[in-house]
Amino acid sequence: MRVCSELNDTHGPTAEEKTSVPNVSRVVASQKTRKHMKLYCLSGHPTLPCNVLKFKSTTIMLDCGLDTTAALYFLPLPLVHSPRLSKLPGWVSKDGAVNLEKELKECSGRVFVDSQPEFCLPEKELLDLSTIDVILISNYHCMMALPYITEHTGFTGTVYATEPTLQIGRLLMEELVTFMERVPKAQAATCWKNKEIQRLLPGPLKDAVDVWSWRKCYSVQEVNSALSKVQLVGYSQKELFGAVQVTPLSSGYSLGSSNWIIQSHYEKVSYVSGSSLLTTHPQPMEQSSLKNSDVLILTGLTQIPTANPDGMLGEFCSNLAMTIRAGGNVLVPCYSSGVIYDLLECLYQFMDSANLGSTPFYFISPVANSSLEFSQIFAEWLCQNKQSKVYLPEPPFPHAELIQTNKLKHYPSIHGDFSSEFRQPCVVFTGHPSLRFGDVVHFMELWGKSSLNTIIFTEPDFSYLDALAPYQPLAMKCVYCPIDTRLNFHQVSKLLKDIQPLHVVCPEPYTQPPPAQPHRSDLMLELQPPPMAYRRCSVLGLPFRRRYERIHLLPELARSLVPSEIKAGVSVATVSAVLQSKDNKHVLQPVPKPAPVPPSKKRKRVTEEPPEVLNPKPLLSGAVPLEPFLAMLHKNGITEVKVEETADGHILHLQTEDVLIQLEEDATHIICDNNEPLRTALRDLVLRFLQKL
Amino acid sequence: MDSDCLSLLPAVCLVLADPKQAPPDDTSLEKLLDWFKELHSQSNGQVLLQDQPCLLEFISSVCTSETTDPAILSFTLKLTGLLAATKQGFHLLEEGGLLLCAFEREACYVCDLWEDASVRSGWLQGLLNMLKHQKSLDFICRNGLIKVVLQLQNDRSLFVASLANQLLVHILNFLTSSSTTNGSDAVGSSVSSLRSDWVSVSSEIMNAVVEALSSEDHPQVLRGLRLLSLVLSQCGEPIRSMLWKDVLVPLEVLIKRGSESLTQTLMTVLQAADTSARPVEELLEAMLGDGNRKECFQCAALVVKLEKCPEVSKRKATGIILLPLQCVSTQPQTEIETYLVLNEQLSQKASCISLLMQSLSSLAELAHRKFLFEDISIHSITSSVVWLLRMCSGQCPSSLLRINASIHLIGCCKVQRCGLDTLGALSVYEENVDLRKDIFGVLLDYLQSPDSHATVLKKTFQAAVRWIAVCSPFPDLLQFISHDLFPVLEKRMCDLRWEVRDSTLEFITQLTTALNGNSGFTEALHTSGMVSVLLSSLADTEGYVRASAVAAVGEAVTASFHHAATERNSSLLEKALTQMMIALSQDTEGFPRRAVVKAFTSWLKGSHPVTALESSLSSVLSLGGNDFDWEVKMHTLELAEVLMEKTLTCCPYIVQNVDFSEKTRLTQALSRLKDYGLFDLLFNSLLDCDRPVCEKACALLVRLRTLTAETADLDHSALVLNVCGNRWGDEVQSRYLNKQQA
């Protein structure tokens with residue numbers, strides 16, 4: 001048997017002169033704390049979120065995305081010695097006052113930092129990261145900052161992620177580390193970050209924010225240590241400290257990607273991160289479980305709402321075909337997992353029909369092999385269509401066939417086998433999409449000078465113009481086909497209409513049209529009530545109060561209850577019990593009988609003494625009706641009554657007796673000086689109208 | 001054959017009349033009825049009933065039996081009507097009491113069979129068949145059948161109701177035509193010219209119409225309006241004017257009441273009435289209202305389409321129908337604020353789209369007729385369309401602040417397609433060429449947009465061709481084509497969707513045709529690399545695309561003929577010819593092979609001799625003639641025809657020698673044709689399994705024979721033997737025998 005206790009100060013319709021409070025109220029009162037849920041926003045990036053939710057007694061981090069766009073301020077790291085990059089002039093201010101020749105280089109009219117690229121971390125000062133109990137990861141792109149959070153902050157909690165998220169996330173981290181460590185830089189540039197100096201730098205370096213919090217890439221050891229804290233979850237419930245349950249739901253965006261539901265018995269928070277409704281390779285998005293949420297935290301919508309993925313895919317294919325037909329090469333800077341699977345699948349069908357069947361595809365990444373293989377083994381995380389292929393003698397993704405027929409070849413780097421087998425014209429898929437590190441830097445240097453070649457940007461994370469800045473002047477053609485399969489505004493408003501959350505929390509950019517297209521009011525969230533917007537370092541009190549807590553009654557206590565029916569179908573009983581709260585579970589136990597005090601014991605252990613048991617006074621319920629009450633007073637000889645209407649009820653002035661009776665909705669007061677018999681008599685009259693428990 | 005059939009008729013009648021036999025299906029009954037109709041029309045006054053008394057027995061037994069099948073009864077009623085269409089037949093049937101038995105009012109009701117819609121329909125059709133002479137009309141009037149027909153006008157079966165309407169119209173028509181032929185008054189006579197007993201009939205029908213129009217019941221009003229529009233469009237005077245006078249008041253009431261669902265039907269009525277008449281103009285005016293009613297837009301769209309329409313009404317309708325377009329895409333005007341209904345309609349997605357489509361298609365309709373806009377400049381209208389198209393691709397906000405129509409319109413293919421059609425249609429106004437920069441800009445945006453649907457791209461191409469044709473004299477056009485258009489086309493030829501590749505190639509073909517003779521364009525076609533892209537499209541995986549590529553290459557070659565034979569041109573011709581010959585001999589699909597032959601035909605038709613083609617002609621004729629696709633064979637024969645014409649009339653490939661006699665010239669020409677294998681082609685095709693191929697080959701051979709016959713000094717036997725080594729008749733015969741043996 002369970003009872004609910006309200007956490008709010010709500011009054012029942014009982015009315016009595018307040019002389020004592022029944023025990024049960026006292027028990028509940030100990031739980032009567034008004035609790036707000038809080039959200040700490042450590043990242044303002046809409047698609048690389050890092051938020052901390054304080055819910056009940058738990059502190060939950062939702063994703064820890066790493067904003068790598070800071071790398072765009074740095075010079076590319078060439079794999080092979082580049083005469084062009086090594087001969088760049090150092091930067092000296094025009095008046096010669098500031099000389100940062102060693103740290104900053106001028107390249108194509110812009111100034112870049114000559115140092116190992118750094119990244120912008122989630123905010124670390126907003127709250128003590130060591131207090132975080134769990135980190136929920138929704139997809140492999142949103143976990144790249146994990147080592148920064150779990151290492152060197154005193155973090156002792158657990159990280160929850162699905163298996164593909166962990167494995168592919170590991171690949172992406174290892175790839176990032178390899179890219180950096182392959183091209184070590186002797187020293188790190190720090191002088192330029194000095195506020196006084198930065199002020200004098202040319203744009204866009206001058207306008208870079210929080211540069212002091214930028215950090216260089218982590219090490220393999222840190223990656224391993226961070227990932228050792230990951231506990232794998234399937235799409236099923238997990239309980240945290242008895243207080244809340246967390247459930248990952250398929251989000252349809254990438255292999256193993258998930259949204260999360262965080263709920264207690266009476267509250268439900270949904271966290272929607274990168275999700276997709278398109279039919280690509282992952283399992284489709286689970287929507288119905290998101291219904292009835294009190295709060296929905298919405299992040300990870302498409303970054304390019306004006307680019308429809310289908311159209312972009314078409315654009316990608318036609319530009320690729322055009323270049324190959326004209327005898328040029330195609331460079332596709334991309335991540336080693338994700339959209340590349342869909343691109344390969346699309347090309348697999350397209351190349352033959354476009355008569356380009358003999359063109360070789362190269363996939364170059366330190367983790368290329370593992371990425372292609374992993375994608376084939378996570379059958380249970382794939383869409384239905386691909387899952388069913390597991391039972392056929394063919395692999396779920398057609399890239400296996402491309403590899404078998406030698407149309408797709410993969411290499412860990414441009415060094416080694418690749419250099420001997422490389423044949424042009426060809427299509428190369430390689431990282432990193434920022435064009436600042438990885439094998440892509442080499443191809444930019446190699447192919448940039450010919451207008452026959454084309455670079456096709458498919459990843460939406462970086463501005464392609466900024467990415468290309470250090471390679472100017474560039475003869476090769478540039479095509480921007482960002483393929484972002486995440487939800488667009490149209491889809492999300494349909495989804496929200498369907499799942500009807502009470503409140504929506506989202507990054508600020510979602511609440512206004514894109515700055516470049518101020519007339520596109522269709523590219524923003526328009527909701528009633530309006531969504532709560534956050535930016536980096538916001539702390540939001542989530543707009544709902546926890547009202548109820550679940551408390552269990554022990555069977556023996558339940559047995560002792562005497563319910564009395566106050567209206568049809570509703571019975572009420574008073575409970576006198578001891579409330580035990582442990583591990584966020586609350587249990588009402590029978591009050592232990594006081595043990596006879598052994599006379600021999602001299603020392604009294606005050607703390608262990610059970611509370612004194614009082615016989616509870618009966619509880620009252622009902623309302624005092626005015627007219628019958630007046631009639632009753634009249635009958636009892638009180639005739640001169642002046643009735644005054646108040647906001648809450650009535651005040652009765654018994655003029656002869658000089659007594660005031662306040663009849664209110666939730667209380668009745670008898671104010672009567674020094675006439676205890678009269679007070680008692682009046683009280684008894686009031687009590688006649690009320691029910692006793 | 002008919003006599004054989006007639007001898008079977010008694011037995012057929014017996015079978016049909018036998019209730020124990022399962023009735024034949026409707027189709028065979030219909031066929032039987034058709035046969036009777038044909039017989040009836042050929043009878044030349046002979047009465048079928050007299051020769052075939054079994055028919056009378058059949059009718060009698062079916063109409064009196066209570067167990068007749070509805071299908072048989074329906075057939076019998078139609079047949080009876082048909083037989084009663086002649087006076088003698090009518091007389092015979094009436095004499096036997098069969099007419100009453102079949103069509104009498106009471107007879108209809110007592111029988112449960114009346115519940116079957118096919119019986120009611122047969123009854124009406126029978127009366128309609130019968131109504132060819134006065135006696136039949138007398139019969140209908142005398143027996144009060146008009147009432148039944150009027151009731152059937154409200155029948156739950158749409159077919160029956162529509163047939164009843166037709167019958168009523170037919171009766172009214174018959175009333176007037178009989179009275180004018182019989183009576184002394186000429187056409188245009190008043191009601192007095194009708195026979196007195198018929199006056200009551202016509203007024204009964206007309207009263208029914210008036211009553212229906214005044215009804216509160218929506219379906220009944222609708223039926224009344226339908227009958228009214230039928231009468232107005234199909235009946236003559238005086239019925240038209242009589243009815244029109246009676247319905248004016250209820251029509252006015254209906255229009256004032258304003259109901260969207262009646263608009264279409266009301267407009268049909270007004271259209272059927274003499275639209276130039278004063279009251280109609282007033283009614284149209286009332287329907288259009290002040291542009292602030294929901295139904296006025298639909299009404300305006302219909303008025304715009306009217307052929308004969310008072311100028312005032314048309315101008316007003318034009319103003320109204322353009323409102324939605326202007327409202328969404330031009331600067332806010334204070335007066336537009338007053339159109340509350342329009343604002344409300346535009347704020348809802350479905351009505352916004354439908355209103356704009358009405359607006360756009362009406363505009364296209366007006367442009368089609370080159371309507372002269374008075375109150376508003378064609379520039380501003382065209383700019384509105386351009387603006388709307390931009391809005392649909394998400395580039396512009398909608399102008400009226402209170403309506404955020406752009407949310408409904410961004411990416412809306414329907415409006416995009418309709419808008420592009422309209423933009424294309426607006427190219428007829430010469431003054432619009434000033435806007436060509438904007439127009440080409442928006443068309444280019446659509447061609448570039450990765451989200452453009454294949455059908456939208458097709459419409460964009462169609463509009464672009466029209467505008468390019470109009471703007472061809474302007475020098476900036478070439479700049480646009482080579483700098484902006486060609487790169488986009490090149491990309492579209494690599495599109496994932498074959499439909500897009502196909503329409504792009506079609507567009508290039510049309511473009512090349514439209515700019516034929518423009519040396520700058522031909523130059524751009526070569527220098528931009530478009531030609532090589534076209535040649536590579538010849539190897540597309542999709543047959544339709546290959547066919548379009550063949551056409552485009554063919555047209556590009558034709559275009560290059562107009563200019564000096566450069567090395568580049570001859571290299572193009574050589575490459576094209578080689579690839580097209582490969583396509584003709586190897587392509588697995590018919591479309592590309594047909595396209596190849598058509599392209600060759602067009603080259604041959606051109607005024608410039610294509611010497612390179614000459615050496616391939618015999619292969620073309622042989623490959624084309626032996627193709628298993630009959631259309632390829634047809635196109636090959638068309639090629640042969642052109643070849644014949646060219647060779648026989650002017651012989652462009654032979655140096656003309658004045659000394660040559662007519663005979664020598666013809667003999668040489670024929671001998672050339674023989675070298676091409678033309679005769680082989682013709683003789684083979686003559687025996688082809690496809691009839692059109694045989695006919696075409698035959699026609700060509702006949703033409704050849706006529707031509708040789710006309711050449712007086714030709715020794716036929718010598719020529720024929722010389723050319724073919726055999727006489728034509730013998731040649732055909734021997735080939736036929738060979739084929740038989742094979």
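Q: Which residues of strand S22 (residues 454-457) of chain A point the other way from Thr454(A) and Ile456(A)?
A: In this predicted model, Thr454(A) and Ile456(A) point one way from S22(A), and like the rest of the strand they are buried. In a regular strand the side chains alternate between the two faces of the sheet. The residues that point the other way are Ile455(A) and Phe457(A).

Q: Which residue of S23(A) stands opposite Thr454(A)?
A: S22(A) pairs in the parallel sense with strand S18 (residues 330-333) of chain A over two bridges, where Val330(A) stands opposite Thr454(A). S22(A) also pairs in the parallel sense with strand S23 (residues 477-480) of chain A, over four bridges. In S23(A), the residue opposite Thr454(A) is Lys477(A).

Q: What is omega for the cis peptide bond that joins Gln528(A) and Pro529(A)?
A: Pro529(A) lies in the loop between strand S24 (503-507) and strand S25 (532-534) of chain A. The peptide bond joining Gln528(A) to Pro529(A) is cis, and its omega is about -5 degrees.

Q: Where does Pro473(A) lie?
A: The peptide bond from Gln472(A) to Pro473(A) is cis, with omega near -10 degrees. Pro473(A) belongs to the loop between helix H14 (464-468) and S23 of chain A.

Q: Is Asn292(A) buried or exposed?
A: Asn292(A) is found in the loop between strand S16 (268-272) and strand S17 (295-298) of chain A. Its phi is near 60 degrees, a positive value in a residue other than glycine. The relative accessible area of Asn292(A) is 65%, and the cut-off is over 50%, so Asn292(A) counts as exposed.

Q: What is the relative accessibility of Lys370(B)?
A: Lys370(B), in the loop between helix H21 (349-368) and helix H22 (378-392) of chain B, has a positive phi near 50 degrees although it is a residue other than glycine. Lys370(B) counts as partly exposed, with a relative accessibility of 39%.

Q: Which exposed residues does the face of H4(B) turned away from its buried side carry?
A: Helix H4 (residues 53-64) of chain B has twelve residues and reaches 17 Å from its first C-alpha to its last, close to the 16 Å expected. Its buried residues are Cys54(B), Leu55(B), Phe58(B), Ile59(B), Val62(B) and Cys63(B). They cover an arc of only 155 degrees around the axis, so they are on the same side of H4(B). The face turned away from that buried side carries the exposed residues Glu57(B) and Thr64(B).

Technical notes
Residues are numbered from 1 along each chain as its sequence is written. Chains are lettered from A and ligands numbered from 1 in the order in which they are written. This is a predicted model: local features need pLDDT of at least 70, side-chain atom pairs count only at pLDDT 80 or more; totals for chains, interfaces and linings use all residues. Side-chain values use heavy atoms; hydrogens and water are left out. Buried means under 20% relative accessible area, exposed over 50%, partly exposed in between (1.4 Å probe, protein chains only). Two strands pair if DSSP finds at least two bridges between them. The expected span of a helix is 1.5 Å times one less than its number of residues. The arc is that of the directions from the helix axis to the C-beta atoms.
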